[in-house]
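Q: I'm new to this one. Can you walk me through it?

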Amino acid sequence: MELQAVVMAAGGGSRMMDLTYSMPKPLLPVGNKPLIWYPLNLLEKIGFEEVIVITTKEVHKQMNIDTKMKLEMVCIQEDADMGTANALRHIQQKIKTDILVVSCDLITDVALHEVVDLFRAHDATLSMLMSKTHEFTETVPGQKGKKKTGEQRDFVGVDSSGKRLLFMANEADLDEELVIKKSIMRKHPRMHIKTGLVDAHLYCLKKSVVDFLADNKSITSIRGELIPYLVRKQFSASTNSQKTKDDSEKNQKKTDLKTPDIHISSKDEDLLDLAREKSCWNDHRGDMSDAYHGGKLRCYVHIMEDSMCYRVNTLAAYIEANRLAPKVFSEEFPIHPTAEISEQSMVGADSIIGAACHVSEKSSIKRSTIGASSCIKEKVKITNSIIMNGVTIEEGCNIQGSVICNQAVINRGADIKYCLVGSGQCIEAEAERNNEVIVGIDQLMEI
Amino acid sequence: MAGTEDITQQELNNSTGETRDETDSRKNDYLQSKVEGKALSKEEKLKLRKEKKQQKKNKKDDKGLAKEEKAKKPVPVMDGQQAQQQKAPPTSPLVTPEAPPTGEKSGKSKVELRADRRARQDVDRTSKQGKKGDRSQLASTAKTKAPPSEPQPVVKRLPEHIQADDPAVLKKVAKKLERQQYSRKAPLTQQMSIPSTVIHPSIVHLGLQYSQGIIAGSNSRCIALLHAFKQVIRDYATPRNEELSRDLVNKLKPYISFLNQCRPLSASMGNAIKYIKKEISNVSSNIKEEEAKTTLQNCIDKYIEEKIHLAAKAISKSAFEKISDGDVILVYGCSSLVNYILCDAFERGRKFRVIVVDSRPRLEGRETLRRLVKKGLSCTYVLITAVSYMLPEVSKVFLGAHALLANGYVMSRVGASQIALVAKAYNVPVLVCCETYKFCERVQTDSFVSNELDDPDDLIVTRKGKTELQNWQDIPSLRLLNLVYDVTPPDFVDLVITDLGMIPCTSVPVVLRVKNVDQ
């Protein structure tokens, strides 16, 4: 087997607590499909047959995705704030080959073979996917003022071919300066540093990295710690020299990354090295070193330009994804066959109506998503909104640019603009709300 | 028309009658050859005549049913197109240009159109038969789970008896050859499932490395291939009711065709594959599977050790005698063997300098230059355009070879034959270094009859921000040709240094014969 897929679905959605305090993030509906359906669909389309899904018991109970793949659910405790790397350590026994780690909040239609081909062709330790950031155009409920850009930028350094990942740092980790090691500049004199990239949280990792994680318990998060560590390790002197054995004996506390080819029998690895040595190919020119500068640890990145790639971890991203994902992914009818829509209502072509919905007369629904079992009464105007499951909207309401969560009730005549109505909330009749986040009192206590 | 047919029959009879009489006469040998010559062409002529007869018969029928034929005309055209599309599902965008050729034919006369249609139907019939045979092979060897097509086996070649002067057939053949060029833009992995189940992962890795040029060079490709085969054998498990000796060979077939599609196999790889297949079939059914697998892996190691390592050492030893102090040696491109020889000679204390000749688009000489300078040799670097300027200084030319053909021709990187030619003109000895495992039984007298085509976009160069040939595909009368190999006639090669010793170029068939007898 070549690759094992792992979907990380245990995250809490800490950046959109308003949405996720009642519903776990992997089950948030996007285009009336749970969020986790999108990465699973991506994996299924490219041919994976088995996926390991790391999630909480709650999600496991509520999840029912019909997919041809075999999903192996691994449940972890919800309250234990487990980092993604810890989750990988938890399933280390199940991992037999190289892995492809996907986050549950990734919605993309990238051709995954580009990422995996880099991993295969260059025998890389890490291969990841990044995408150019899109500006979010929709107004986000509850946001006051313009979005502050530049607070959590990622600085990504790639070589002149645009594939080899040389440098990665987050603005939060830097004080005032960007420090680049001389060893990097010596080997790659031309480096392009990009800031407008968003990490899709899709990684191909070698099995030896998982084994390394098992030994080195100090790394908790893949994105936050493991990836920058691997990128730095490419140019660290110890991996390039022959002294790896001494290093591993010396420091037991800071366990060094052993050269990744230990798991293959030494004879075979010699053959591959011999083949490379005799090959007349070099990934760079201008200096006297061999291909890859003799380094065994290589990190590659595929930066995609055109296709859609969203990470649904903020409210703005959630709204944007709801807008665009259905256009790319919906195969069935936008209006579910079991929905009852009265004839005098107007449902726009780009709206999605879920199962068992009830839309009464003279209601107009434009550019919106209505979840399952929702009830829309007469003369309701819904534009640009996301209505989740089980919502009741009484007559005469006007809802614009809002997100209404599960089981909420909007009483008659309410006028809601750019609001986020939390789960189970009840908006009183004739209310006028503009740009507010309406959540329960218990939610307000949780900070 | 019947009359002409009778005449042709008579001609045949007469010719056979004549030969029978004349074999009695004294000039036996001369006439024997004449007979044989006639016999061969007779068969061909017979076949062609049968074809013509068929066509004429069909034309007779057609004339009777003129209206019905007109109605039928669009249907065979569609069948032809569909058959083409079935043949090449992965490259569907390239099939659509075939629609214009059929459209252009509306200008021709009715008779010619019908002849074309008949020829096309013959092609389709034979190709469909061929496809049926291949499909049954595919079903037995590959899993049928993934509905998107896994790479088809070997690109189909048209049977030879199809009239080669039929423009429709010629166009189809041309399109097929074109398809093999643009390998880098449409990687095969696009259509394959990502955790590749049908093709072993190490073979997919290898195919990718071939097509991207990460593993290039005859020896390195062969070693990488054998390494991948070792992985395959290691992960292989004999299914029930099957024998390892037969099943493993069948398992390897789709892998080999996949690698062939990524990049056409080299002669060294071909010979290595033959060797492995022979070893696998020779595995006796008595021994256990584990033992058989270890034996096979040891065989592979032995092959590499003998044919590549020890051969290189032997060649280096012979070549050392040919390199004298104060020599100026000219090398071309990047040959792992020639680099090894030069480094070895330098280590043993010979004093010489090297001129590295390089050529676009690959510019492999830069890699040679880097390796030699790293060792400490003093080198000069020129492009092939300057070779006649440098040659008066040169005392010897060392060339590597991709393969040595059975008629003594040397197949090497494109440009090597030029170097040999110019060296001959300047009376500089040309020595070709080649291991015996690269000798192959093919015969080729020029570089065009069979060659590998590389990505034509590599030829395009951007200077000062301007790329002149950027949209060369839009110009209908322009085609870019990027050849990879060329053949050097044996007259230009003075000596071939092999692990069996130093032989003249014309002794290659002797070596091949001796090798076959050994095996």
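**A first look**

Q: How much of chain B is buried?
A: Of its 519 residues, 45% count as buried. Buried means under 20% relative accessible area, exposed over 50%, and partly exposed in between, with a 1.4 Å probe and protein chains only. This is a predicted model: local features need pLDDT of at least 70, side-chain atom pairs count only at pLDDT 80 or more, and totals for chains, interfaces and linings use all residues. Residues are numbered from 1 along each chain as its sequence is written, chains are lettered from A and ligands numbered from 1 in the order in which they are written, and side-chain values use heavy atoms, leaving out hydrogens and water.

Q: How many helices and strands in chain B?
A: Chain B has 18 helices and twelve strands. These are DSSP runs, numbered from the N terminus: helices are H or I with at least four residues, strands are E with at least two.

Q: And what about the surface of chain B?
A: The accessible surface is about 27,200 Å², and carbon and sulfur atoms hold 53% of it. The areas come from the Shrake-Rupley method with a 1.4 Å probe; for residues, only the protein chains shown count as cover.

Q: Is helix H9 of chain B mostly covered or mostly open?
A: Mostly covered. H9(B) spans residues 201-211, and ten of its eleven residues are buried. Among them are Ile203(B), Val204(B), Leu206(B) and Tyr210(B).

Q: What follows H9(B)?
A: Gly213(B) does, with a positive phi near 80°.

Q: Switching to chain A. What is the strand order in the open sheet?
A: Six strands run S15-S18-S21-S24-S27-S30 in chain A, with parallel pairing. Two strands pair if DSSP finds at least two bridges between them.

Q: Which strands stand at the edges?
A: S15 (340-341) and S30 (426-427) of chain A do. Each has a single partner strand, so one side of each is left without a neighbour in the sheet.

Q: How many bridges join S27(A) and S30(A)?
A: Two, in the parallel sense. Val409(A) stands opposite Cys426(A) in S30(A).

Q: Salt bridges next. How many over all chains?
A: A search of the whole structure finds 39. A salt bridge puts a side-chain nitrogen of Lys or Arg within 4 Å of a carboxyl oxygen of Asp or Glu.

Q: What does Arg120(A) form a salt bridge with?
A: Glu2(A), with the closest N and O atoms 2.7 Å apart. Arg120(A) lies in helix H5 of chain A and Glu2(A) in the segment before strand S1, so the pair ties together parts 118 residues apart in sequence.

Q: Are those two buried or exposed?
A: Buried. Arg120(A) has a relative accessible area of 2%, and Glu2(A) has 6%.

Q: Which residue meets Lys396(B)?
A: Asp327(B), at 2.7 Å from N to O. Lys396(B) is in strand S4 of chain B and Asp327(B) in strand S1 of chain B, 69 residues apart. Lys396(B) and Asp327(B) are buried.

Q: Last one. Where does Asp154(A) lie?
A: In strand S9 of chain A, residues 154-159. At 10% relative accessibility, Asp154(A) counts as buried.

Q: Which side chains have polar contacts with Asp154(A)?
A: Asn170(A) is joined to Asp154(A) at 2.9 Å, and Arg223(A) at 2.7 Å. A polar contact is a pair of N or O atoms within 3.5 Å; within protein, one must be able to donate a hydrogen and the other to accept it, and residues adjacent in sequence count only if both atoms are side-chain atoms.
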